[in-house]
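Here is a set of questions and answers for a reader new to this structure. Have the sequence and the model in view as you go.

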Amino acid sequence: MLTDCKTLISEGAYGKVFSVSSKYAVKVETDKGKRKRRLREEARIMKLVQGPGIPRIIHHSTIDGRDRLKMELLGPDMRKIRKSHGGGLGFRSTIMFGIQALERLEHIHSKGIIHRDIKDSNFVIGKNDPTKIYLIDFGLSVRLERYNSKNSNYCTVDGFAGNLLFTGKESHIYKNRVSKKNDLESLLYLMIYLYKSKVNKRKISKSQSFKRIPALPWDRKFEDDENLHKKIYRLKDEFKPQMLGKKFPTEFKEFMKYVQELKFDMEPKMNYCQQLLKRCLNRRNFNLDYTKFDWLKKVYLIDSKSNNAITLYSGNSRSISTKKRDNKCLHKRNIKDRLRGKLDQKDLEYLKIIK
Ligand SMILES: Nc1ncnc2c1ncn2[C@@H]1O[C@H](COP(=O)(O)OP(=O)(O)OP(=O)(O)O)[C@@H](O)[C@H]1O
Ligand SMILES: [Mg+2]
């Protein structure tokens, strides 16, 4: 029995994650059937890859035939962050996220591990250090030495596993093949997804149209028939850098080209990819400063009832009176004028109005 568990963080098909005494996270296996003992392998893999940006393991135990993995408690995952930031991330945050994610992939690959489930909910930020990105969930990960050799760049396993939206295109055809290239390709799609989800949402509100513009050409529901993998494969195969549009600089398109042309058995050059992403930042006059992640910005929300501005900053909030003088509908400019003098210019840029 899990008596010391406090808050449920997440419940998946095969396991639950709880936070315990605001210090630890405990992942518990719930399924006694097919995937039984997956958590045992996950714990083994996590021990192999312990290092910066990987949650620290406290211990792994088996109680009543059920595995439990106790680890350090981290912050929210990128899926939750994305949702609370208008659906996606800004350009700078997306690129800085990518630079850290490449470091995580390079690290686990150097230990002979392929993650195989790169997606937004499997990256979390640090609880004490929200500038740091952690890679979690090694539930589908593969130890290369088990199927090939520790130093190889790919292996052949028992069948398809992963996420249809983010998995590399070749895994739709060669379902048994797992490669380092596939992890990198998933990261490429994830970055485009994070950024485009934000850009597309802006477009929607400007045109007053609520039609959802997919962030990736295959980001929609497919009929689950025997052609499912073929259909997604074709869309991924036809997806070319020039389709990214002007919002992405040339260097990002070079990154995409490099990833797409990489052979499945090649070792990805993570350093080269990082250089390209750093050049994307330079191109847009940004420096690499992790304290500038979107989720660390001060966001001012206007409470329409009291007309007070409430600052949300790393979970803290404070109110600033906007001195409402009339009953007219408040416009963003009015509120900005009222807040001038109370906030500095940079903070005013982040002003958001929630009605
Ligand atoms: N150490 C941790 N600290 C804080 N939150 C965590 C931690 N580990 C996991 N989580 C949260 O729990 C969620 C589920 O964890 P995880 O991905 O490991 O489980 P899962 O059952 O394999 O999930 P899924 O199948 O949905 O990918 C994560 O997306 C994250 O939000
Ligand atoms: Mg997960």
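Helices, of type H or I with at least four residues, are DSSP runs, and they are numbered from the N terminus. The model is predicted.

Q: In which helix does Met-270 lie?
A: Helices take their numbers from the N terminus. The helix that spans residues 270-283 holds Met-270. That helix is α8.

Q: Is Met-270 buried or exposed?
A: The cut-off for buried is under 20% relative accessible area. Met-270 has 4%, so Met-270 is buried.

Q: Which residues does Met-270 touch, not counting residues up to four places away in sequence?
A: The C-alpha atoms of Met-270 and Glu-103 are 7.5 Å apart, although 167 residues separate the two along the chain. Contacts of Met-270 follow, with sequence neighbours up to four places away left out. They are Leu-102, Leu-105, Glu-106, His-109 and Leu-184.

Q: How many helices and strands does the protein have?
A: The protein has 355 residues, and 48% of them count as buried. Its secondary structure consists of 10 helices and 15 strands.

Q: What share of the contacts with a separation of 6 or more comes from residues 24 or more positions apart?
A: Take the contacts in the protein with a separation of 6 or more. Residues 24 or more positions apart account for 59%.

Q: Which residues have the most contacts inside the largest nonpolar core?
A: In soluble globular proteins, nonpolar side chains tend to be buried together. Here the largest nonpolar core has 69 residues. Helix α5, residues 180-206, gives the largest share of this core, 11 residues. The residues with the most contacts inside the core are Phe-97, Phe-252 and Phe-255.

Q: Which residues does Phe-255 touch, not counting residues up to four places away in sequence?
A: Start from Phe-255, one of the residues with the most contacts inside the largest core. Set aside residues up to four places away in sequence. Phe-255 then touches Leu-184, Leu-188, Met-191, Cys-273, Leu-276 and Leu-277.

Q: How many residues are in the second, separate core?
A: Ile-114, Val-142, Cys-155 and Val-178 are among its members. Cys-155 has a relative accessible area of 1%, so Cys-155 is buried. The second core has 6 residues.

Q: How many disulfides does the structure hold?
A: A disulfide is a covalent bond between the sulfur atoms of two cysteines. Cys-273 is buried, with a relative accessible area of 0%. The number of disulfides in the structure is 0.

Q: Which residues are the protein donors of the magnesium ion?
A: The ion is ligand 2, and its protein donors lie 2.1 to 2.2 Å from it. The donors are Asn-122, through OD1, and Asp-137, through OD.

Q: Is Asn-122 buried or exposed?
A: Asn-122 is a donor of the magnesium ion. Its side chain also has an N or O atom 3.1 Å from an oxygen atom of ligand 1. At 3% relative accessibility, Asn-122 is under the 20% cut-off and therefore buried.

Q: Which residues are the closest to ligand 1?
A: Ligand 1 is surrounded by 17 residues. A polar backbone atom of Leu-74 is 2.8 Å from a nitrogen atom of the ligand. A backbone N or O atom of Ser-121 is 2.7 Å from an oxygen atom of the ligand. The closest residues are Lys-27, Leu-74, Asp-77, Ser-121 and Asp-137.

Q: Which side chain does that of Asp-137 join in a polar contact of 3.3 Å?
A: Asp-137 lies in the loop between β8 and β9. Its side chain reaches the backbone nitrogen of Gly-139 at 3.1 Å. The polar contact of 3.3 Å is with the side chain of Lys-27.

Q: Is Asp-64 buried or exposed?
A: Asp-64 is found in the loop between β4 and β5. Its phi is positive, about 55°, although Asp-64 is not a glycine. The cut-off for exposed is over 50%. At 62% relative accessible area, Asp-64 is therefore exposed.

Note on methods. Residues are numbered from 1 along each chain as its sequence is written. Chains are lettered from A and ligands numbered from 1 in the order in which they are written. This is a predicted model: local features need pLDDT of at least 70, side-chain atom pairs count only at pLDDT 80 or more; totals for chains, interfaces and linings use all residues. Side-chain values use heavy atoms; hydrogens and water are left out. A nonpolar core is a set of buried Ala, Val, Leu, Ile, Met, Phe, Trp, Tyr and Cys residues joined through side-chain atoms within 4.5 Å. Buried means under 20% relative accessible area, exposed over 50%, partly exposed in between (1.4 Å probe, protein chains only). Helices (H or I, at least four residues) and strands (E, at least two) are DSSP runs, numbered from the N terminus. Contact means heavy atoms within 4.5 Å. A disulfide is a pair of cysteine sulfur atoms within 2.5 Å. Donors are N, O and S atoms within 2.8 Å of the metal (3.2 Å for Na, K and Ca); water is not among the atoms, so sites may look incomplete. A residue is near a molecule or strand if one of its heavy atoms lies within 4 Å of it. A polar contact is a pair of N or O atoms within 3.5 Å; within protein, one must be able to donate a hydrogen and the other to accept it, and residues adjacent in sequence count only if both atoms are side-chain atoms.
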